[in-house]
Amino acid sequence: MAAGINRYKADLRELFFVLFEQFPFSEVAGKGPFDGWDDETAKAIIKESYRFATEVLGPLNAVGDREGCKVVDGGVKTPTGFKDAWKQLYEAGLKQIAVPREFGGQGAPTSLYVLIEEITCGSNTAFNMYPGLAWGAAEVIAECATEAQKKKFAEKMFNGVWAGTMCLTEPHAGSDVGSAATRAFKQPDGTYKIKGTKIYISGGDQDLTENIVHLVLARVEGAPAGTKGLSLFIVPKHRVNADGSVGPRNDVALASIEHKMGINGSATCVLNFGENDDCFGELVGTVEHQGMPQMFRMMNGARIAVGIQGLAVASSAYLNALDYAKDRKQGASFKNWKDPNAPRVAIIEHPDVRRMLLELKATVEGLRALVMKLANHRDHYHLLAGKDDDKAAYHLGQVDLLTPLVKAYGSDEAYRLCGTAIQVYGGAGFLKDWPVEQYARDAKIFSIYEGTNHIQAMDLVGRKLGQNGGANFQAFMGDVAAFIEKHKGHPVFGKEIELLGSASEAVVTLAMGFMGWSQTEKVGLVPLTANRFLLAMSQLAVAFVLLDAGVLADKKRGALSATDPDRAFYEGKVHSAHWYARNVLPQVENHVKIAMIEDETPTTISDAAFASA
Amino acid sequence: MPLKILVTAKRVEDSESKIKVNPAGTGIVLEGLKFKINPFDEIAIEEALRLTAKHGGEVVVVSIGGKEVVEQLRSPALAMGANRAIWVNHVGPMDQLGIAACLQKICEKEKPDLCILGKQAIDDDQGQVGSYLAEALGWSQATFASKEESLESEAEKSKAPAIKLSADGKSVTVVREVDGGLQTIEATLPAVATTELRLNQPRYASLPGIMKAKTKPLEEVTPASLGVDMTPHITVVKMTHPPARKAGIKVADVPALMDKLKNEARAI
Ligand SMILES: Cc1cc2nc3c(=O)[nH]c(=O)nc-3n(C[C@H](O)[C@H](O)[C@H](O)COP(=O)(O)OP(=O)(O)OC[C@H]3O[C@@H](n4cnc5c(N)ncnc54)[C@H](O)[C@@H]3O)c2cc1C
């Protein structure tokens, strides 16, 4: 195998901290649907996943980037080694970790799944797109399809025998999914003929699996316009015989693949359905016009997964930059800046490099803790589902509320942090000799697909803030307030808790502002300010989880000797919390101040005034 | 013929950890170190699993040490597919004779057809246990087991065992790595084999495997219960880092370099 060198790095001690200390796995593991799970198993699985990632997936990351995908004989050829890695991934069972047991998976809690996802994604983002989409598509079928369809498709897709895609985007339907023009014609036998073109389809074709199951959004003849008229179809690349084996080709043609800035190992395809009027599809379930709610099942999970992609890449960028900074000698210590003969020091000794590294560390840890908070709510929801309505609704509400934050803040920060990691390297970071430039290129797509980050921001202010009569948002703010109340005057975090208080007041002020605007002629301020609100609320949420971790770490470090390596670890957590609270939290109030200026220049400026060219 | 195979799983320092000698020079600093299974043992387990996959039988894995070795017994050893584990609970110093004596007693009780051990452990690189064990049991030994094909070969891809069982099930053929080449020997069973790095590419412990490992039988014994005295015959007098390299010097020109090479370094 023409495998390259692994560059992926993770700090397992930190992963163990979030999973076993900050969001105790033992609270959910071993109970209800998570029966059979415990700390020891989770730890073994994380270690084994990390080993798999660094030995199998990591060495292919740069290979996939340099080689990219090619079209050979009308089909996609994936980079060297991907096919073998696919096989090994499913043999090792890593992708089946959270798959329901009835489909041959292990039914793991989400809080463990997200960490495994971080590891596989961080070692090779482009590769992980294929199994990620196969899993997502299988989930939709598992949740929404008929029993026969589940049998026929879901199990094979969950277990890597077949793959899957989600086909929403069309040339004239990107963010505006409702404009989809792909059509479906019902046949006398109850199946449908599909006709249309989908673009940007990740994994739309590949040579990893013998079949690909496309989930296609299309409009049945005579259905209403807009999203309400869309239905979701199962459209396999190869028809499936009655005995479940792979049959003849379906009329799905690969038209071309895109040449991209990043994730080059992931094939982004233009697919033509029904060029020869012979593209067969099955409706997912039995009811037409359910396409959007069905697709949203997948989309929520996929949005969380995109946030994890951001976290994963940023985390490895940080740890690589840290290694480099310890190694690269340049300049003298600033304490000796006047002495030309002072010894050269590693760049980690320079205050500004340390500032960048701590920013990377704190933000990466904050993103991880935010993902874990979401996952923890999801696990508790599943434990309670059907039992305690109020508590279950609370946990589900937090999952809904945090999803756009994880997706948008996670992805925006990832790209920015990869830039910072490059900056730590200096010129070397800009070169292909080091992994961070690829990380930056790979990370850019995260803010675009699965709904651009503005779509996330509008989801937050337009839907999530008012969801359940505002109860989800109020519950979140209530949790922040309770934390502040509990730790007011904390000996180590007193000042930071105060900063959290002012930031949370500011967030509430802006939320109220939205309500005011939406009911007046100032409604135009809502989309203009939505991204800023998402940023402010994300920063508040991340500070909250980091301070929570900091308080815990402060308690734990006290009991340890000065040389215990855990002591340095906990001290690092205290520093992350201090840094983020002092350097980022105050920005929240500023965001709100800026929003309250109610600036409308972007909408008042005429098109002609943008440039005279 | 089903085979009963005994394999070992030593817990060793992860080669990626930075190893430091303690200030007293009596051993290494254990705090903050990461541990893993000895890679040679992992290869032994893989070979045993391939053999039992082909011929049927059972793989029993043994580790000697404090309670922390249970981690390596469960994962990867049992998680890879070994059927059950024996943990010899022993805290404190031990040497190769003690280790071989424990294994001997276990073999006398378990009566395996074949023992497969790593040819050495990557922590102290002693490479003695396999041969001691064969000698103590009076069994044939096949050390440095390797294979003719490369690790990229079809044979390896098909996960075929490299140690070959004879048709009558009475012996195994082993390709040994020796200086400058390979030697093929036949060893009568019961036998002890030790593994080279090129014997196979071990599988990853699968996730379902890790889940199943929790419920697989793990028997705890002690050297005393086996009737073994672990008092070492070897004492470590002192442990030091290899001497640091001295700083280089600059020479003025090629003749000066030649002079130094000839007269100081006596290299030419
Ligand atoms: C590498 C890659 C992989 C992809 N994989 C898939 C896939 O597997 N399946 C799939 O279906 N799609 C996929 N996509 C498509 C992706 O989801 C879309 O690119 C994305 O939804 C944005 O749509 P668009 O590109 O048409 O941009 P547009 O919708 O044209 O957006 C352009 C800009 O306008 C803004 N904008 C658009 N509408 C509004 C509005 N109403 N209000 C305010 N601002 C707006 C956007 O935020 C953005 O800044 C992929 C794309 C890429 C690049």
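In this predicted model, the shell around the ligand draws at least two residues from each of two strands of chain A, β3 (163–167) and β5 (192–202). The shell comprises 19 residues, of which L168(A), G174(A), S175(A), S202(A) and T452(A) come nearest to the ligand. By class, the residues of this shell divide into 9 nonpolar, 8 polar and 2 charged.

Chain A itself is divided into domain 1 (12–157), domain 2 (164–294) and domain 3 (452–604). The centres of domain 1 and domain 3 of chain A, taken over C-alpha atoms, are separated by 31 Å.

Where the two chains meet, 16 residues of chain A are in contact with 13 residues of chain B. On the side of chain A that touches chain B, the elements giving two or more residues are α2 (39–57) and α4 (82–92) of chain A, and the largest share, 5 residues, comes from α2(A). This side of chain A has 7 nonpolar, 6 polar and 3 charged residues. Helix α2(A), with 19 residues, reaches 25 Å from its first C-alpha to its last, which is close to the 27 Å expected at 1.5 Å a residue. Of the 19 residues of α2(A), 14 are buried, so the helix is largely enclosed by the rest of the structure.

Chain B contains 8 helices and 12 strands, and its C-alpha atoms fill a box of roughly 70 × 45 × 40 Å along the principal axes. Of the 268 residues in chain B, 40% are buried. Among contacts in chain B with a separation of 6 or more, 76% are accounted for by residues 24 or more positions apart. Two cis peptide bonds may be noted in chain B. One joins S75(B) and P76(B), with omega about 20 degrees, and P76(B) lies in helix α2 (residues 69–80) of chain B. Another joins L189(B) and P190(B), with omega about 0 degrees, and here P190(B) is found in the loop between β10 (181–188) and β11 (191–195) of chain B.

In soluble globular proteins, nonpolar side chains tend to be buried together. The largest nonpolar core of the model holds 258 residues, among which C418(A), A543(A) and V61(B) touch the most other members. Helix α8 (residues 291–327) of chain A provides the largest share of this core, 18 residues. When residues up to four places away in sequence are not counted, A543(A) touches L500(A), A503(A), Y580(A), A581(A), V584(A) and L585(A).

E450(A), in the loop between α12 (436–443) and α13 (453–464) of chain A, has a phi near 60 degrees, a positive value in a residue other than glycine. E450(A) is buried, because 27 other C-beta atoms lie within 10 Å. Phi is likewise near 60 degrees for E598(A), which lies in the loop between α18 (585–596) and α19 (601–604) of chain A; with 13 other C-beta atoms within 10 Å, however, E598(A) is partly exposed. F334(A), located in the loop between β13 (329–332) and β14 (344–346) of chain A, has 11 C-beta neighbours inside 10 Å and therefore counts as exposed. Leaving aside its neighbours within four places in sequence, F334(A) is in contact with H350(A) and P351(A), whereas its C-alpha atom is separated by 39 Å from that of N531(A), 197 residues apart along the chain.

Technical notes:
Residues are numbered from 1 along each chain as its sequence is written. Chains are lettered from A and ligands numbered from 1 in the order in which they are written. This is a predicted model: local features need pLDDT of at least 70, side-chain atom pairs count only at pLDDT 80 or more; totals for chains, interfaces and linings use all residues. Two residues are in contact if their C-beta atoms, placed from the backbone, lie within 7 Å. Helices (H or I, at least four residues) and strands (E, at least two) are DSSP runs, numbered from the N terminus. Ala, Val, Leu, Ile, Met, Phe, Trp, Tyr, Cys and Pro count as nonpolar, Asp, Glu, Lys and Arg as charged, and the others, Gly among them, as polar. The expected span of a helix is 1.5 Å times one less than its number of residues. A residue is buried if 20 or more other C-beta atoms lie within 10 Å of its own, exposed if 12 or fewer, and partly exposed in between; C-beta atoms are placed from the backbone. A residue is near a molecule or strand if its C-beta atom, placed from the backbone, lies within 6 Å of it. Domain bounds come from an automatic or database domain assignment. A nonpolar core is a set of buried Ala, Val, Leu, Ile, Met, Phe, Trp, Tyr and Cys residues joined through C-beta atoms within 7 Å.
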